[in-house]
Amino acid sequence: MKTAIGRALALTLLVTHVASAQAAAVATPKEVMDGFPPSKESQVTFGNYRQHPYSQWAFRNAGAPLNVLMVPRAGKIYPLKEDVDSDIGQIRLKDANGDDKTVDQVLEENYTDGYLVLKGDDIRYERYFNGLSRDYQHIWFSATKSLTSTAFGILLAEGKVNLNDSPAKYIPELKGSGFERVTIQNVLDHSSSIDFKENYTDPNSDFLKYYGPAMNMARVPGGRDAEPQSTEIYGIHDFLSKFIRPNTKEVAGEVFDYNSANSDVLGWLIARISGLPYDRFIQQHIWSKLGAEHDAYTVVDRAYMGIATGGFNSTLRDAARFGKMILDRGKFNGQQVVPADWVDASITLDAKDKQKMKNNERYKGAAWVAYKNMWWILDEQKGEYAAVGIYGQVIYINRDADVVVAFFSSQPVASAAGNNSFWSKIMATQAIAGKLKGHGQQ
């Protein structure tokens, strides 16, 4: 099956990839979506929405190139006090290139779309770029994984699932797949040892041949015209159950290998166990309890199922509200939204958690010490960790400094590994947290 589908799609993907590269080389627009109607060279499309500079428009208007479902807000808006500290932008640091910069310079030079610092309930710093504003939603990409993991903890606390079980116990369709032999904890830690690799850039990768079209987030000619009756791998659930096989050279739980398919399994578990679609579970159990200013929305796959691995969109301030709930151990506005023990579990590490990160060559030299429950850990003792998405989306938590930082970006390069634009913003974020540590809420 893989071979047959692969031959059919590899050529079209390669042609699309080459054509896109040639088009970009011929004409790069000075301004995206320029004119009414926009000029052809400035037009955002499903084929170019992840390419810079088109992404600057597309990431704050993801409902245009992608299909989405609403995640409505509810209740009274939780107030955030604007108590801006003008000195924050002038904090000096060494960026990832070793250059002396201010925070303002780092943000201005590294494809930032929006950046917000929250100390307690106070907004201490807030800036927007590239057309983003406090009222625009922006795609989180894989920072969504941390939201999905957070939501899953609610079912765990209700006693509806056991982390030592196989996902196939709750989803019979996964029997015989690469996810049958693993535990749910393996899935949460991306230690499932499946034979599918994450690759956003190779047009011949399984990610772009099978997973991307099923997610409806990668352009394959004819992909959006597929019908479920005649397409074996239509949505992401088909992909998880019919395509993924175990990596027999590895033992599940022993290797950290970041893979988005794990989060989609977790999203499927949420829906199957709760009896609610993923988007409605997130709305009822988390988003409706955060006093959000705006509705959120989630990207859906070809079957119109919410993409638990990278589809969430919100405003920057509402992302910071989610981060504040995590900072406060699952409590928000006097209500325990998520069990504190589950929030704490993400930064409760053992030697094996850390060793798995050290053993992964991709992250050699990076500041991460572990990946736990779909959160990236910087310092478990300080409670410093983050939700991270491709192209530079981050919700940063620092318990020691009592600080949350949320930022959105449209970096040209997807991955954070070895990406100086990404790490310069993380370094700026850490410098701010250090400056604000010990400063009480004003």
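Guide: Happy to. Lysine 372 has a relative accessible area of 11%, so with buried meaning under 20%, exposed over 50% and partly exposed in between (1.4 Å probe, protein chains only), lysine 372 counts as buried. This is a predicted model, in which local features need pLDDT of at least 70, side-chain atom pairs count only at pLDDT 80 or more, and totals for chains, interfaces and linings use all residues. Residues are numbered from 1 along each chain as its sequence is written, and side-chain values use heavy atoms, with hydrogens and water left out.

Visitor: Which residue forms a salt bridge with lysine 372?

Guide: A salt bridge here is a side-chain nitrogen of Lys or Arg within 4 Å of a carboxyl oxygen of Asp or Glu. For lysine 372, the closest N and O atoms of the pair are 4.0 Å apart. The pair links distant parts of the chain, 183 residues apart, with lysine 372 in strand β12 and its partner in the loop between α5 (184–188) and α6 (206–215); helices (H or I, at least four residues) and strands (E, at least two) are DSSP runs, numbered from the N terminus.

Visitor: Which residue in β16 is the bridge partner of valine 117?

Guide: Strands of a sheet pair through backbone hydrogen bonds, either parallel or antiparallel. Strand β5 (residues 112–119) and strand β16 (residues 403–409) pair in the antiparallel sense over 7 bridges. In β16, the bridge partner of valine 117 is valine 405.

Visitor: At what angle do α4 and α9 pack?

Guide: Axes are lines fitted to C-alpha atoms, for helices over the stretch in contact, and angles run from 0 to 180 degrees between N-to-C directions. Helix α4 (residues 144–157) and helix α9 (residues 278–285) have their axes 11 Å apart, at an angle of about 70 degrees. That makes α4 roughly perpendicular to α9, as angles under 35 degrees count as roughly parallel, over 145 as roughly antiparallel, 65 to 115 as roughly perpendicular and the rest as oblique. The packing angle is about 70 degrees.

Visitor: Which residues of α9 make the contact with α4?

Guide: Contact means heavy atoms within 4.5 Å. From α4, the contact is made by Thr144, Leu147, Thr148, Ala151, Ile154 and Leu155. From α9, the residues are Tyr278, Phe281, Ile282 and His285.

Visitor: How many salt bridges does the structure hold?

Guide: Side chains of opposite charge can pair when their charged atoms come close. Glu82, Glu126, Arg134, Glu293, Arg317, Asp318 and Arg321 are linked in a network of salt bridges. The number held by the structure is 25.

Key: Two strands pair if DSSP finds at least two bridges between them.
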